[in-house]
Amino acid sequence: MKTSGNSQGGVGLARIRKLRTAEAEIFRAARPKSAAAFGKGIAGFFGGVPMHWMNDWPTPFPVVVDRARGATILDIDGIRLDDFCLGDTGSMFGHSPPPVARAIRRQSDRGLTYMLPDADALVLGRLLSERFGLAEWQIATTATDANRFALRVARAVTGRPKILVFNGCYHGSVDETMVRLVGGKPVNRPGLAGEFRDLTGATKVVEFNDIPALEKALADKDVACVITEPVLTNSCMVLPDPGFHDALRRLTRKAGTLLLIDETHTISTGPGGYTRRYGLEPDLFVLGKPVAGGVPASVWGMSADLARRYRAYNRTKVSGYSGMGTTLSANPLQFAAMRATLEEVMTEANYAHMEELAERLASGLSAAIASHGLPWHVTRVGARVEFICAEGPLRNGGEAEAAHAPDLEAAIHVALVNRGVLIAPFHNMMLVSPATTRRQVDRLVRAFGEVAALLAA
Ligand SMILES: Cc1ncc(COP(=O)(O)O)c(C=O)c1O
């Protein structure tokens, strides 16, 4: 369904705006304490918020949180929300999962950072190798950093200058991935602040699922690494065509190009991510966000062969600063939280629960869409579900970008909050955690049905 000048996702703009205005009023009226506390923005912060993304929520002001536990957030006005955003994946396993909370409590009086390994670190490397299948690992603090470091290794060992990304990708604020196709031409992603370089010199970009374009772009043998998620999740979810990952692996190997799989969001697939579920064979693997249950941490792994090549490279370079690492990375709080997450939270049993309820959510939303005759669709990757206000399936980042219906999505999000449900502010992502209950899923499906009815009326 094309978005036209006066409609989005098959719904007239006038109706969308009316709903958004009415829902914004309801949101404000229900939260006098939050409105007073937040004011026109929190004093002392640029833009009125401690991190500018907090202004991206479509509500009139962000929900001001009192506390969060499991899959529930309580705001300072005493309003309870079923949380399906879960910190945009950082809390994918629920807020303060009990084993992680216990590990943090244990560690909290044993030192928080010392740039040395401890007893938890002694088991973590093996845990990561067993879980994700790559041989050798490093710990960083954000997925952004993990990607950045992994790309450095790729350039170092191949001696090649370029990387390749898929259009519409997001791998954190890694400068060199910020390239887009606009009108079929690579350009710096529109909107970048302070970027003074033409990034297209070092980054090639092709559409996801476009095997001939990929083959052509790799043919010059100047690409060190293809960095991709197994499923594009940044715009709306774009699933790989059957055979796409096989072709990607075959073509990268043929061109001497390394393959970095970023599982930061697709870890929703299962305890070993999409990689383990579907037998992918990356040279480099990155996971951030929920890997330590909400404590800032990330991991990046290398295959045995790549680790060997990187060791050989290191023997050839001047010793000293590699351009990788940050002081607080690999601290004991991260070790403790990550070990608890891997051993006690990212379990088959928890994922079975997440998957079952995510399937219930996806079919409930699909049924609501169908019953109101809306031209929308639903996708799911394990515990992650999205509704997309356009017909599907989407095949690449270009199509995903065009499928966005910003006014419509914003109105739906606010209306859902007023019905007790929080979903991610960027795209329409909903995550099911081990703590999420069937009742919460059914409430979301019901709320979505009510909102869909208002829009389709
Ligand atoms: C696929 C992917 N990789 C990496 C990142 C970066 O994570 P962080 O912002 O924690 O560095 C994101 C963030 O959304 C992401 O979606």
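So, is Cys 85 buried or exposed? Cys 85 counts as buried, with 4% relative accessibility; buried is under 20% relative accessible area, with a 1.4 Å probe and protein chains only.

Before I go on, this is a predicted model, where local features need pLDDT of at least 70, side-chain atom pairs count only at pLDDT 80 or more, and totals for chains, interfaces and linings use all residues. Residues are numbered from 1 along each chain as its sequence is written, and side-chain values use heavy atoms, with hydrogens and water left out.

Back to the cysteines. A disulfide here is a pair of cysteine sulfur atoms within 2.5 Å, and that rule gives zero disulfides. For Cys 85, the nearest cysteine sulfur belongs to Cys 236, 16 Å away. Cys 389 is in no disulfide either: its nearest cysteine sulfur, again from Cys 236, sits 8.5 Å away. Cys 389 is buried too, at 1% relative accessibility.

Okay, on to the ligand. Among the residues around it are Thr 142, Tyr 170, Glu 229 and Asp 262; being near means having a heavy atom within 4 Å. Now the polar contacts, meaning pairs of N or O atoms within 3.5 Å. A polar side-chain atom of Thr 144 is 2.6 Å from a ligand oxygen, and a side-chain N or O atom of Lys 289 is 2.7 Å from a ligand oxygen. Ala 143 uses a backbone N or O atom, 3.4 Å from an oxygen of the ligand. The protein covers 87% of the 390 Å² of accessible area the ligand has on its own, by Shrake-Rupley with a 1.4 Å probe.

Terms used. A polar contact is a pair of N or O atoms within 3.5 Å; within protein, one must be able to donate a hydrogen and the other to accept it, and residues adjacent in sequence count only if both atoms are side-chain atoms. Buried means under 20% relative accessible area, exposed over 50%, partly exposed in between (1.4 Å probe, protein chains only).
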